[in-house]
Amino acid sequence: MASFPNFLPPLVLLATLFSTPALCYINPSTARPQQNVAEPSAYRTYIVLVEPPSSDAGEDAHRRWHESFLPSLHAGESIESRLLHSYTEVFSGFTARLTKAELDSVAKKPGFLRAFPDRKLQLMTTHTPAFLGLRNGTGFWSEARYGKGVIVGLLDTGIHATHPSFDDHGIPPPPPRWKGSCKAARCNNKLIGAKSFVGDDSGDEVGHGTHTSSTAAGNFVPGAYHGVGTGTAAGIAPGAHVAMYKVCADNQCDESAILAGLDAAIKDGVDVLSISLGGNTGTRFDQDPMAIGAFSAVSKGVLVVCAAGNNGPTPASITNDAPWLLTVAAGTVDRSFGAEVRLGNGKRIHGEALTQEAKPRSKSYPILFSEARRYCEYGDENSVAGKIIVCEATVSEFQKSQVRSLIGAGAAGVVLFNDDTSGYTTLLRDYNSTVVQVTAADGAILTSYAASSETRSLAAFNYNNTLLGIRPAPVVSWFSSRGPSFIIPGVLKPDILAPGLNILAAWPPKTDSASGPFNIISGTSMATPHISGVAALLKSIHPSWSPAAIKSAILTTSDMVNSTGGSILDQHHTKASVYDTGAGHVNVTRAADPGLVYDLGITDYAGYICWLLGNDGLATIVRNSSLTCTKLPKIEDVQLNYPTITMPMTSTPFTVNRTVTNVGPATSTYTAKVDAPKSLVVRVFPETLTFSKAGEKKTFSVTVSSRIGKEVLIEGSLRWVSERHVVRSPIVIRSGVNK
């Protein structure tokens, strides 16, 4: 048996999916995480928000202020055993171990605001730069200087610092604004920051952080490989600097540690924060420390990119849905690790296998499928020798061990077919060359053939190595969490679709789940650093752009069609909804020159928070004494100056306003073009926007009415078209949106 380590043309690598008690990728060995699990003793960890000390107070003064809230220590206790983290940037507050009675006492002290139980969040965890239109030495990648001078921070499981993806050849020193430090096995001009908030070691025992870091900003690594995925590895912004904040250990991500990492990243001076973590459901923003901390980052000019979650395809399963976050869904790329199942009746079924043989197997073997043993649960292994076993795939570690047992018992091969939920999006696992994975549709063909009594059911495997140009692509991955957000239904979430299925990127030499130097995994964890890398490229070209302007550029230039020219499809190959894709699939090269942007400032978000949560919410999230709800206009979610437009379904006209800023040619004219079904009446005023200088702002209104029928969702779009640019915003009309 031989693999194909040098057969492929150069490919570029990137990121993937596990679902564990802490990150946004798909880890087959763990079940759904449990949140808010109390410690076995009477103590529990709380995140406590307090009023800040005097404005000129330094770090030591903040810590002393935070210590003053704590109860008297018991004999043998140290302050460090109680006060776990002290925060100054994400908000004024601390994390402490307290009993319920002690928390009640703390809550009575002057300066106390509120407290949250510490939660555990999940990790939401080649060829993708080429799939996104990036080519070495040419075009946008070169114009953006590969992201040089931009600092990408990641909150994750740590980093394998000596991996070649983090070599610093061609990388200049960090900019003078960098205030951070690096404590790792190797620090250089690429890896300029590494800190751990879950112990002293910033190394990566899990692999997730190494994978996401190299996806966002890994340097060029020729000869990278994993199975048949081989070529030149590179992140989306290979020239950018990396700062890792280790906030997860053993797949456990405590929110208190995440906030400590976020606090440090803001102080250190990162430009983009990539967070492939999240909860299982959305949470009210004033009760979500992550959303509160991220708002502080955005208010200081840091773009925060987050995973949408891996709880799809369930509707309204989206997480990280605050409007100041850039929320990323996961899709496929146009690559397949092709393996063919050739049936005895002449039919050929396209499948995939990460490990392949150099020569096709000419010999055919009998197929065995048992409904009673649908998931490969064969206790009597004597019956499998010399046969190709057909089973329905699961993401459990138990099935992986069962498959290995079958091969060890002499099975000629195993075909794993997707369940109905996964459909056409196959989550690849690294078996040996005797295992091929196929879609749910092809699984139905196989099981029907195996059950046929007309002829002896036979099959053989052929291997096609890595295939590029697979169509259609992208397709929304089954696990990617869906909108709408039940917290903010008037804003479309997720924001954007990016590659997240079967992504190849850097990996430590040895972890419990896989061995490096590269690995293929899947998840919105993997989609997120793609967008973080894109944001770094845009920041390199447009250093003065706000986080909202960069988000707008990514959203309004995205694609709503796939590689065939048709609509983007979901995992069942039916038309995907905007609540699957967001604005569309990222188009990197167009995002650098969007023409117009929809900008948002802190006062805009503050007005929205006043509408949603009132003065208490404003004080908790914004924490700016000069901003009060009595002085601010209350901005409904539908009226927020977002680059997508969501409106209620109503037969009476409903109007929203938007303001665009000219970032294209000084002199330009844009004409409104509306695409909408006949059931929707859309009017835009004015229909033409004429600009005479860069930075000029123009406001327009969109008025919509619809014929009320059985539909709960109607989709359309508004395009502002000039000689050089098309600025597209989805129009989403949905029942349940605030009127």
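## Close-up views of a predicted model

**View 1. Buried positions along helix α10 in the predicted model.** The buried residues of α10 are A440, D442, G443, L446, T447, Y449 and A450. The helix covers residues 440–451, 12 residues in total. At 1.5 Å a residue, α10 should span 16 Å, and its end C-alpha atoms lie 16 Å apart, so expectation and model agree.

**View 2. The four-stranded open sheet.** Its strand order is β3-β4-β2-β5, and the pairing is antiparallel. Strands β3 (83–87) and β5 (112–117) form the edges. Each has a single partner strand, so one side of each lacks a neighbour in the sheet. On average, neighbouring strands are turned by 25° against each other, direction ignored.

**View 3. Pairing of β2 with β5.** Strand β2 spans residues 44–50. Five bridges link β2 to β5 in the antiparallel sense. Opposite V48 stands A115, a residue of β5.

**View 4. Helix α7 across the sheet.**

**View 5. Helix α7 beside helix α8.** Helix α8 is made of residues 289–299. The two axes come within 10 Å and cross at roughly 0°. Angles under 35 degrees count as roughly parallel, and α7 and α8 are therefore roughly parallel to each other. From α7, the contact is made by E255, I258, L259, L262 and I266. From α8, P289, M290, G293, A294, S296 and A297 take part.

**View 6. Surroundings of D268.** D268 belongs to helix α7, which covers residues 255–268. Its relative accessible area is 5%. Buried means under 20%, so D268 is buried. Leaving aside residues up to four places away in sequence, D268 touches R177, W178, K179, G180, K195 and Y245.

**View 7. F285 in the largest nonpolar core.** This core has 117 residues. F285, W324 and I554 have the most contacts inside it. Not counting residues up to four places away in sequence, F285 touches A291, I292, D321, A322, P323, W324, I487, I488, Y608, L612, L613 and I621. A second, separate core has 26 residues, including L596, Y598, V682 and W720.

Methods:
Residues are numbered from 1 along each chain as its sequence is written. This is a predicted model: local features need pLDDT of at least 70, side-chain atom pairs count only at pLDDT 80 or more; totals for chains, interfaces and linings use all residues. Side-chain values use heavy atoms; hydrogens and water are left out. Helices (H or I, at least four residues) and strands (E, at least two) are DSSP runs, numbered from the N terminus. The expected span of a helix is 1.5 Å times one less than its number of residues. Buried means under 20% relative accessible area, exposed over 50%, partly exposed in between (1.4 Å probe, protein chains only). A nonpolar core is a set of buried Ala, Val, Leu, Ile, Met, Phe, Trp, Tyr and Cys residues joined through side-chain atoms within 4.5 Å. Contact means heavy atoms within 4.5 Å. Two strands pair if DSSP finds at least two bridges between them. Axes are lines fitted to C-alpha atoms, for helices over the stretch in contact, and angles run from 0 to 180 degrees between N-to-C directions. Angles under 35 degrees count as roughly parallel, over 145 as roughly antiparallel, 65 to 115 as roughly perpendicular and the rest as oblique.
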